[in-house]
Amino acid sequence: MFLKSTTYFSLVIGLLLSVLVFLFPPQIQFDYDFEQFFPQKSEDLEFYQWFRTEFENDNDYLLVAIENPNGELLNKEFLSKVFSVQTELSQLDNVDTIISILNFRKPIIGLFGSRWEKVLNWGANEELEKSSEIVEQYRSKLLSKDGESILLWIRNTQNISKENGDVLYEEIQKVFNRNDLLPKAVAGKIQAQGDFIKLMQKEFGLFFGASIFLILVMLLLIFRSFWAVWIPVLVLLIGTLWAFALFSYFGKPLDVMSIMQPTIFLIVGLSALVHFITHLNTKLQKSHSQEDAIMKVFNELFMPVGLTILTTSVGFISLYFTTIPALKNFGLSTGVGVLIMFFAIILLTPGLLFLTRIKIKRSSDLIVSSRLLSSTLSIILEKRKIIILSFLMISLLAVWAGTKIKVNGFLLDNLPQDHPIQKDVNYFDQQYGGSNPLELYLESGYATESLLDYNVLKEIDKLEKKLAELIGSNQIISPLTLIKTLNQAQNQGTDRAYVFPSPGQFLRMEKYFERDLNSYGLKILSDQNRSGRISARSPDFGTFKMSRIREELTQYAQTEIDSDYLVVKWTGTAYLMDKGHKSVTVQMAKGLGFAFLIVGIIAGILFRSWRISFILLIPNIIPLIWMLGLMLIIGVEFKLTTAILFTVAFGIAVDDSIHFMTRLRLELGKGKSLFYAIKRTFLETGKAIVLTSFILVSGFGLLIFSEFGVTHFTGLLIAASLVFALLADLLLLPILLLPMKKVWEKKAQKLIT
């Protein structure tokens with residue numbers, strides 16, 4: 001199969017493919033859409049999609065807090081400057097509405113009709129000195145809790161595209177810069193998406209370069225030969241190029257999880273190449289000719305290395321069976337990319353090796369020697385009971401630890417706490433009651449036909465008070481906001497009248513309903529007032545706490561709210577994100593179930609025994625269990641981006657077990673006894689397993705330095721799981737195989753015949 005002429009032909013094909021990629025260069029694009037983390041094919045998503053067509057998106061806004069760097073906030077000159085900026089911003093394309101204390105008005109109903117009046121008369125400093133009551137009423141709403149900043153609530157065009165959002169945010173920044181006004185804090189979708197993209201582009205290049213450097217260092221450390229450095233590096237770069245070119249040609253942009261892909265492709269590909277080069281060196285040292293050694297190595301290792309690549313790919317592709325688009329896309333593209341890398345290795349490496357004059361140098365003993373492996377095996381066999389008990393006790397403790405881990409995710413999980421976006425969001429949480437959108441759908445019960453019915457409004461009032469109590473914020477707009485404002489208007493605009501009205505007051509204001517329905521910048525009623533919304537902002541409490549809040553409010557609605565008048569349902573982007581995090585156990589079970597099935601089928605085909613398939617799974621389930629214990633120790637909680645790592649870790653960790661078992665099968669096929677076959681496998685394959693584990697751990701360890709949470713924890717947890725898998729394969733797997741002597745003897749006879 002790997003004759004010299006055949007490999008030369010393959011090399012030419014590979015070079016032609018590379019030339020085509022350079023002639024038609026891929027256009028790499030970056031994208032970040034947090035809605036890709038919503039669970040698909042769910043009633044909640046379908047309802048939200050209907051909800052936002054009926055009302056509007058709950059996150060198409062930008063919050064800007066501005067402080068006066070030169071003194072008091074309520075200063076005429078400063079407020080005039082802010083208003084000038086606000087006016088300029090309102091004229092930008094894709095800006096729909098801007099609300100601030102400077103243009104916010106309230107109605108006044110008098111004997112001669114109604115009029116609108118500014119809530120803050122900022123035309124003269126003398127008037128501003130009398131505005132203490134206004135400051136208190138709008139504190140934590142349009143003014144900060146500490147009274148040091150003013151809020152601009154900028155609503156952009158609904159469903160604005162990523163490109164138009166970037167342009168709009170850039171224009172907003174230019175307006176502030178032209179007016180020499182620096183915002184204290186900014187938070188919103190168009191800002192976060194743009195900043196995420198910049199960070200993604202930075203990290204993509206950083207980790208690609210760092211991975212190449214790491215590969216060079218490891219190849220020099222392991223092989224100490226020029227040919228064993230330039231050939232792998234060239235093949236790995238071409239394989240990575242092909243993978244990303246394919247993604248680009250199919251129109252797949254790179255997202256926040258794609259940052260890991262260069263490192264994954266390069267390190268997984270390198271581990272495969274190390275197997276080939278290590279065995280090639282071994283055969284050359286045994287006086288095989290270069291041509292004969294290359295053919296034998298690739299013929300012997302094509303199947304075992306191919307199977308390890310396949311299981312790694314399956315680990316990623318299994319994510320396609322989750323319901324989260326971001327995970328599906330990442331899993332499928334990474335799994336395909338790993339296969340493309342193996343295709344590049346098989347297509348290019350043999351031909352390049354035939355063209356190269358190979359000088360033999362002693363290698364890899366710097367990391368692990370045959371003498372060390374031999375003495376390790378002796379200790380393992382002597383201490384087998386202690387080893388089994390140790391693995392059992394640690395695993396039981398890890399299972400217990402797993403029961404203590406909470407499901408808890410945050411909207412900005414992927415960013416470190418000291419990142420500017422996090423600091424701005426924390427500022428809004430502390431000073432303005434939060435920046436996280438919170439939505440409740442309201443529908444009139446069968447006993448009424450309108451949410452503006454007095455009895456319905458009483459139920460909404462109770463619901464709002466409970467919600468404000470639970471989230472610790474009064475940033476709430478609903479049909480009740482209209483009613484309280486009209487009640488205030490009927491009482492000459494006094495702040496004390498911003499309360500739920502008496503029946504008599506309510507009757508007098510009904511004629512003003514239609515006129516003032518849409519005066520608050522948000523659509524709060526629909527379907528002839530039969531349905532509506534409560535729209536609020538809250539801090540990002542995290543999935544764990546927010547789930548408790550939602551459960552408590554739902555329970556309150558079921559027991560205290562009269563469903564004859566009012567029906568309540570949670571919805572919104574934050575709710576869907578939390579639903580995605582809470583589905584981690586289902587997502588993890590789907591991925592692991594698929595991975596277990598494929599690995600079981602592969603083992604069954606290789607060894608034709610369900611018992612051997614079961615033994616193969618044990619040392620690869622243990623690293624996943626130990627990951628639970630590690631997560632509790634370092635304080636990592638379950639969320640979408642950590643739970644899916646169990647599937648990925650299994651797909652990568654099982655490679656060493658398959659490589660070990662495939663070599664064992666080969667030794668048994670030569671008629672050797674089980675004990676001798678295990679010994680030869682341990683000494684020959686053990687060295688390659690240690691080397692590839694060292695490479696994979698080092699490669700994934702690079703990701704620990706990422707600023708993105710998903711990338712950081714991927715590197716940390718998968719690197720740890722690979723260490724655990726190495727211990728299980730070297731210490732536990734040989735012990736588990738020894739009692740299978742009779743089974744192996746039967747299998748060996750079949751293999752011989």
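Helices here are DSSP runs of H or I at least four residues long, numbered from the N terminus. That's the naming used in these close-ups of a predicted model.

**View 1. Arg224 sits in a loop with a positive phi**. Look for Arg224 between helices α7 (189-222) and α8 (227-249). Its phi comes to about 55 degrees, even though Arg224 isn't a glycine. Arg224 is partly exposed, because its relative accessible area of 40% falls between the 20% and 50% cut-offs.

**View 2. Asn94 is another non-glycine residue with a positive phi**. Here phi is about 70 degrees. Asn94 belongs to the loop that links α3 (76-90) to β2 (95-99), and with 28% relative accessible area it's partly exposed.

**View 3. A nonpolar patch lies on the surface**. Helix α1 (residues 4-23) is the top contributor, giving eight residues. Patch members include Phe9, Leu16 and Phe24, along with Tyr249, Phe250 and Phe343. Put together, the patch has about 1,200 Å² of accessible area. Val12, also one of the patch residues, is found in α1 and counts as partly exposed at 44% relative accessibility.

**View 4. This is the largest cavity, holding about 120 Å³ of space**. The model has four cavities of 30 Å³ or more. Around the largest one you'll find Tyr32, Phe37, Phe410, Leu411, Leu412, Asp413, Asn414, Met577, His581, Leu640 and Thr641. Sorted by class, the lining has seven nonpolar residues, three polar and one charged.

Key
Residues numbered from 1 in each chain as written. Predicted model: local features only at pLDDT ≥ 70, side-chain atom pairs only at ≥ 80, totals over all residues. Heavy atoms only, no water. 1 Å grid on protein atoms, 1.4 Å probe; cavity = no way out; pocket = protein on both sides within 12 Å on 5 of 7 lines; lining within 4 Å. Points joined across faces, edges and corners; volume = space filled by probe spheres on them. Nonpolar A, V, L, I, M, F, W, Y, C, P; charged D, E, K, R; others polar. Patch = residues over 30% accessible without salt bridge, like charges linked within 9 Å, V, L, I, M, F, W, Y side chains within 5 Å. Areas by Shrake-Rupley, 256 points an atom, 1.4 Å probe, with all protein chains shown as cover. Salt bridge = Lys/Arg side-chain N within 4 Å of Asp/Glu carboxyl O. Helix = DSSP H or I, 4+ residues; strand = E, 2+ residues; numbered from the N terminus. Buried < 20%, exposed > 50% of the residue type's maximum accessible area, 1.4 Å probe, protein only.
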